[in-house]
Amino acid sequence: MKNRGVCHTKQKQDKKNDDFIKYFNLLRKTAYINDIDKIQNHAHYSNVNSLEKRLKANKCELCGRYDNQALYEIHHTNKLKNLKDKKQWEKTMIARKRKTLVVCKECHKKIHHSS
């Protein structure tokens, strides 16, 4: 039996596949280029998250102090399960089920410098 090489119809099919892939890639590239300015901003970037709302409230979540002029800080813990539930700030974080707490400067100092 002689080896006659690749069938003529197989060569035509491969060429059609190659042409289709080239055409598809061209469509995909032009669609991306033409639509790049039409991509809408995600709502994630335009909405105010809860932490920002809590900061803008100008209220210490630990002592309840409200002052428009004071600067508030964020106290953060890595995991809620690491809190011992002994100190007031730990109890507050556990009750709120939050790893962050918006506090005034005085309360933040007490948190970090209390024994």
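Reader: Which residues of helix 4 are buried?

Author: Buried means under 20% relative accessible area, exposed over 50%, partly exposed in between (1.4 Å probe, protein chains only). Helices are DSSP runs of H or I with at least four residues, strands are E runs of at least two, and both are numbered from the N terminus. In this predicted model, the buried residues of helix 4 are Trp-89, Glu-90, Thr-92 and Met-93. Local features here need pLDDT of at least 70, side-chain atom pairs count only at pLDDT 80 or more, and totals for chains, interfaces and linings use all residues. Residues are numbered from 1 along each chain as its sequence is written, and side-chain values use heavy atoms, with hydrogens and water left out.

Reader: What covers the buried residues of helix 4?

Author: Contact means heavy atoms within 4.5 Å. The cover includes strand 1, strand 2 and helix 5. Take Trp-89. Leaving aside neighbours within four places in sequence, Trp-89 is in contact with Leu-62, His-75, Thr-77, Leu-83, Leu-101 and Ile-111.

Reader: How do I read the largest nonpolar core?

Author: In soluble globular proteins, nonpolar side chains tend to be buried together. A nonpolar core is a set of buried Ala, Val, Leu, Ile, Met, Phe, Trp, Tyr and Cys residues joined through side-chain atoms within 4.5 Å. The largest one has 12 residues, among them Trp-89, Met-93, Leu-101 and Ile-111. Helix 4 (88-96), strand 2 (100-104) and helix 5 (105-113) each give two or more residues. Strand 2 gives the most, with 4 residues.

Reader: Where is His-75, and is it buried or exposed?

Author: His-75 lies in strand 1 (residues 72-76). His-75 is buried, with a relative accessible area of 5%. A polar contact of 3.3 Å joins its side chain to that of His-112. Such a contact is a pair of N or O atoms within 3.5 Å; within protein, one must be able to donate a hydrogen and the other to accept it, and residues adjacent in sequence count only if both atoms are side-chain atoms.

Reader: What pattern does the protein follow along the sequence?

Author: The pattern is α-α-α-β-α-β-α. That comes to 5 helices and 2 strands.
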